[in-house]
Amino acid sequence: MNRAATRHLSAAAVAALLLLGAATLSAAPGDGVTGSRHDFSAHQPNGEICIFCHTPHNAKTRTLLWNHTLSSSAFRWNVARTTGGTDFAQFSGDTYGGPTAKCLSCHDGTVAVGDYGYLTASGQPPAWDYKIPSSSAYSVGPAGDLKGTHPVSMPYPFMNQASTYNGVTTGAHVALDEWLADPTAAGIPLYTDFGTAPRQAAPQVGRTGIECTSCHDPHNQAVSDVYFLRGSLSSEDPDYICAKCHEK
Ligand code: HEC
Ligand code: HEC
Ligand code: HEC
Ligand code: HEC
C-alpha cells in the first residue's frame, strides 16, 4: 500500500492494520523473541524489544536488570496444600525475587504491559497502557489468584530428596521417587534459594525449586512447542513437557 492510500485510512483502520501486522508476525517455537508474542516493539517509540522487561541502566530491580513495574498483588492458591502435603506458596509480587514474580508483573493483569521504567534514548514515559484482562487466555494469576495454576515458586524434590524453597518444604506424603532426580539434564531450569533472590544455578540438594521459567522460556529460544514451552504438549512425544519432571 502506498503512502497516499495510507493517509486516507481512518485512525481505526490503521489501528486494525497494525493489529493484523502483529498477528501475522508470529515467530515459530524456538525462533527467538522477535515476532513472538513477547515482541511488543511495535508499541515502543524507538522499536526497542527488550526494554519492556530489561534495561542496561537504571533498572527497577537489581536482578536481571528488570525494567517492568512489578505487581503488588498478594499471590496465593485457593487450597492450602498439594496432595503430597506441600503447602502452596504465598508471596507478594513486588518482594518475591524469583522469575515468577516477573512473569506475573504482566500476566496478573494489574500492571500495564507498557508500564516499564527507564527508556534508554528519550526518557519519555511509555504510552501503551494495555493490561491483560482476566478474561484473556493469557491471564495467569489474575490480581493474585493462582487457583488452577501448577505449583510455582515451590520446592522440587531434586535428587529425590525433600527441598525447602521460598519458605515451603516438600510435604511428608510426596512420593519422592515419582519425580525425575535431575530434570536439568532434559533442559528444565531449576532454581536455588539463596535466602534472598532465588536464581538459576547448579541446583543444590535441599533448596531447589521450580518457577514459571522451568516450563516456559520467555525468549522463545529453548522452546520445542507452542506457548514458549520447553517440551512438547504431546504425551506421545519423548520430549513431553510433563514427563520432564514427573515419573508416572
Ligand atoms: C517479556 C519479558 C522479556 C523480554 C521481552 C525479554 N526478556 Fe530477557 N528475561 C526475562 C525473564 C523473565 C528472565 C529470567 C529468566 C530466568 O530467570 O530463568 C530473563 C532473563 C534474561 C537474561 C539472563 C539469562 C537468561 O536467559 O536467563 C538475559 C541475558 C536476557 N534476559 C536478555 C534479554 C534480551 C537481550 C532481550 C531482548 C532481545 C530480552 N531478554 C527480552 C524476560 C524477558
Ligand atoms: C512485559 C509484560 C510481560 C512479561 C514480563 C511476561 N509476559 Fe508473557 N505475555 C505478555 C503478553 C501481553 C502476552 C500476550 C500477547 C498477545 O496478546 O498476543 C504474553 C504471552 C505469553 C505466552 C503465550 C505465548 C504464545 O505463543 O501463545 C506465554 C506462554 C507467556 N506469555 C509466558 C510468560 C512467562 C512464563 C513469563 C515470565 C518468564 C512472561 N510471560 C512474562 C506479556 C508479558
Ligand atoms: C509445570 C509446567 C508449567 C508451569 C510451571 C507454568 N506453565 Fe504456563 N503453561 C504450561 C503448559 C503445558 C501450557 C499449555 C496449556 C495448554 O495446553 O493450553 C501453558 C500455557 C501458558 C500460557 C498460554 C495461555 C494458556 O493459559 O494456555 C501462559 C500465558 C502461561 N502458560 C504462563 C505461565 C506463567 C505466567 C507461569 C507462572 C505463574 C506458568 N505459565 C507456569 C506449563 C506450565
Ligand atoms: C519443572 C518440573 C515440573 C514439570 C515440568 C511439571 N511438574 Fe507437575 N509438579 C512439579 C512439582 C515440584 C510439584 C509439587 C510437588 C509437591 O507436592 O511438593 C508438581 C505437582 C503436580 C501436581 C499435583 C498438584 C497437587 O495439588 O497435588 C500435578 C497434578 C501436576 N504436577 C501435573 C503436571 C502436569 C500435567 C505437567 C505437564 C503440563 C507437569 N505437572 C509438569 C514439578 C513439575
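Author: Start with ligand 2: it has 20 residues around it, and Arg 37, His 38, Cys 103, Cys 106 and His 107 come nearest (a residue is near if one of its heavy atoms lies within 4 Å). Keep in mind that this is a predicted model, where local features need pLDDT of at least 70 and side-chain atom pairs count only at pLDDT 80 or more, while totals for chains, interfaces and linings use all residues. Residues are numbered from 1 along each chain as its sequence is written, chains are lettered from A and ligands numbered from 1 in written order, and side-chain values use heavy atoms, with hydrogens and water left out.

Now for the polar contacts, meaning pairs of N or O atoms within 3.5 Å; within protein, one must be able to donate a hydrogen and the other to accept it, and residues adjacent in sequence count only if both atoms are side-chain atoms. The side chain of Arg 37 puts an N or O atom 3.1 Å from an oxygen of ligand 2. From His 38, a side-chain N or O atom is 2.8 Å from a nitrogen of ligand 2, and for His 107 the distance to a ligand nitrogen is 2.8 Å.

By class, the shell around ligand 2 holds 13 nonpolar, five polar and two charged residues. (Nonpolar covers Ala, Val, Leu, Ile, Met, Phe, Trp, Tyr, Cys and Pro; charged covers Asp, Glu, Lys and Arg; the others, Gly among them, are polar.) H3 and H4 each give at least two residues to this shell, and H3 has the largest share, with four. Helices (H or I, at least four residues) and strands (E, at least two) are DSSP runs, numbered from the N terminus.

So what is H3 like? Seven of its nine residues are buried, so the rest of the structure largely encloses H3. Buried means under 20% relative accessible area, exposed over 50% and partly exposed in between, with a 1.4 Å probe and protein chains only. The buried residues of H3 include Lys 102, Leu 104 and Cys 106. Among the parts covering them are E1, strand E2 (91-92), strand E6 (191-192) and H4, with contact meaning heavy atoms within 4.5 Å. Just after H3, Gly 109 takes a positive phi of about 80 degrees.

On to ligand 1. His 54 and His 219 are the protein donors of its iron atom, each through NE2, at 2.0 Å. Donors are N, O and S atoms within 2.8 Å of the metal (3.2 Å for Na, K and Ca); water is not among the atoms, so sites may look incomplete. The pair links distant parts of the chain, 165 residues apart, with His 54 in the loop between helix H2 (11-25) and strand E1 (74-75) and His 219 in the segment after H4. His 54 is partly exposed at 26% relative accessibility, and His 219 is partly exposed at 34%.

Last, ligand 4: His 150 (NE2) and His 246 (NE2) coordinate its iron atom at 2.0 Å. The six donor atoms make angles of 87 to 178 degrees, so the site is octahedral, which needs six donors with opposite ones over 155 degrees apart and all others between 65 and 115.

Conventions. Four donors count as tetrahedral if all angles lie between 85 and 135 degrees; four count as square planar and six as octahedral if opposite donors are over 155 degrees apart and all others between 65 and 115; anything else is irregular.
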